[in-house]
Amino acid sequence: MTKDRTLDELWESTPRAVDVFKPDSIADQPQAAQRYLRHAIQPDAKLWSAVRLTMHGTIRLKEEWLPFTGVQVNRWDRGFVWQARVIMHHLPITGSDRWVDGEASMRWKLLGIFPVVTAQGVDVTRSAAGRFNIEAMMLPTVWLGSDVRFKESDPKQAQAFVHAHGESSRIDIAIDPSGAPRSFSASRWGNPAGSPFHHEDFGGLIEEERTWSGVTIPSKLRLGWFWGTPRFDEPGGEFFRATIDEAEFR
C-alpha cells in the first residue's frame, strides 16, 4: 500500500506531549465521567494529542463482508486520515477517508487505477467531522480539553458534549461499574443506505480493550448506523468490524 503523504505529515509534525494526567484535575467532573476517565487514562500518563492506529478487520459493502488492513492517524488539532487496503474478489481496493484542516474527502480505487468511490463537499466534510469527534474514544486524553464538556445523566453512562472541528456532537458512553466503556453512540450527519444526508443514530460495541502508553482504548469493536435498532444488523447498518493491532501516541 503506497504511503499517504498527508497521513505521514500529520503524524511526524505532531509536537511531543509534555503535560501529564493528574486524577485530581477531574474532581469536579460528573461521577460517571470520572470513572470512565480514570479507567481510560493512567495517573501521570502523557496528555497525548495524536494517535497512530494499525488495524485489520472486515468492512461491509452492500451485503458482503470484505477483509481489510489499514492505518489511521488522528491528530486532534488538525484532522485524521484513514488509509486502507480492501480485498474484493481477490482484487485490491485502496484509498482513504480523511478530514484535514477543515475539508474532507473519500478516494478509493480498484487496482489503484479505477475509481470506486469519490466523494467530497459540505455534507461529506460534516459527516467526517462528526466521525472525528466520536473517535475521541481512541484518544481519551482529548476528553480533558476545553472543547469537551461532560454532563451527569446516568450512573451507567458518561455523556460528553464535543464542540470541535466545526461540528457539535453528543456522545453517550455506556460504562460498567469499573468505568470501562462497553458501547457508545451519537447522532451523526450522514447518508446511510443511500438516503439524503440527515442526522442518524451511529454507534459501536466495544468487545475488547488494550492499554498502550498509559491509555486504555477499544481494541476490538463493531460500528454502524441505526445503533440501538434492529436495522443495525441489516445491510446499511453495521458496516465496520476492526481489531487494533498497535497504537502509538504523541
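What follows is a chat about aromatic rings, a helix and a surface patch in a predicted model.

Visitor: What should I know before I start?
Guide: This is a predicted model, in which local features need pLDDT of at least 70 and side-chain atom pairs count only at pLDDT 80 or more, while totals for chains, interfaces and linings use all residues. Residues are numbered from 1 along each chain as its sequence is written, and side-chain values use heavy atoms, with hydrogens and water left out.

Visitor: Okay, how many aromatic pairs are there?
Guide: The count comes to 13 aromatic pairs, where rings of Phe, Tyr and Trp (its six-membered ring) pair if their centres lie within 6.5 Å, and planes under 30 degrees apart count as stacked, over 60 as edge-to-face and the rest as tilted. One of them joins Phe68 and Phe240, which are stacked at 5.2 Å centre to centre with 20° between the planes.

Visitor: Where do Phe68 and Phe240 lie?
Guide: Phe68 lies in strand E2 (residues 64–75) and Phe240 in strand E13 (residues 238–249), so the pair ties together parts that are 172 residues apart in sequence. Strands (E, at least two residues) and helices (H or I, at least four) are DSSP runs, numbered from the N terminus.

Visitor: Is Phe68 buried or exposed?
Guide: Phe68 counts as buried because its relative accessibility is 3%, and Phe240 is buried too, with a relative accessible area of 11%. Buried means under 20% relative accessible area, exposed means over 50%, and partly exposed is in between (1.4 Å probe, protein chains only).

Visitor: Which rings are in a cluster with those?
Guide: Ring pairs link Phe68 and Phe240 with Trp82 and Trp108 into a cluster.

Visitor: New topic: which residues of helix H2 are buried?
Guide: In helix H2 (residues 31–40), the buried residues are Ala32, Ala33, Gln34, Tyr36, Leu37 and Ala40.

Visitor: And what do they pack against?
Guide: The buried residues of H2 pack against strands E7 (148–154), E8 (157–164), E9 (167–175), E10 (181–190) and E12 (215–225), where contact means heavy atoms within 4.5 Å.

Visitor: What sits over the ring of Phe226?
Guide: The charged end of Arg231 does, 3.8 Å from the ring centre, and Arg188 likewise lies over the face of Phe202, at 4.9 Å from the ring centre. A charge sits over a ring if NZ of Lys or CZ of Arg is within 6 Å of the ring centre and within 35 degrees of the ring normal.

Visitor: Last one: where is Leu91, and why does it count as partly exposed?
Guide: Leu91 is in strand E4 (residues 91–100), and Leu91 counts as partly exposed because its relative accessibility is 37%.
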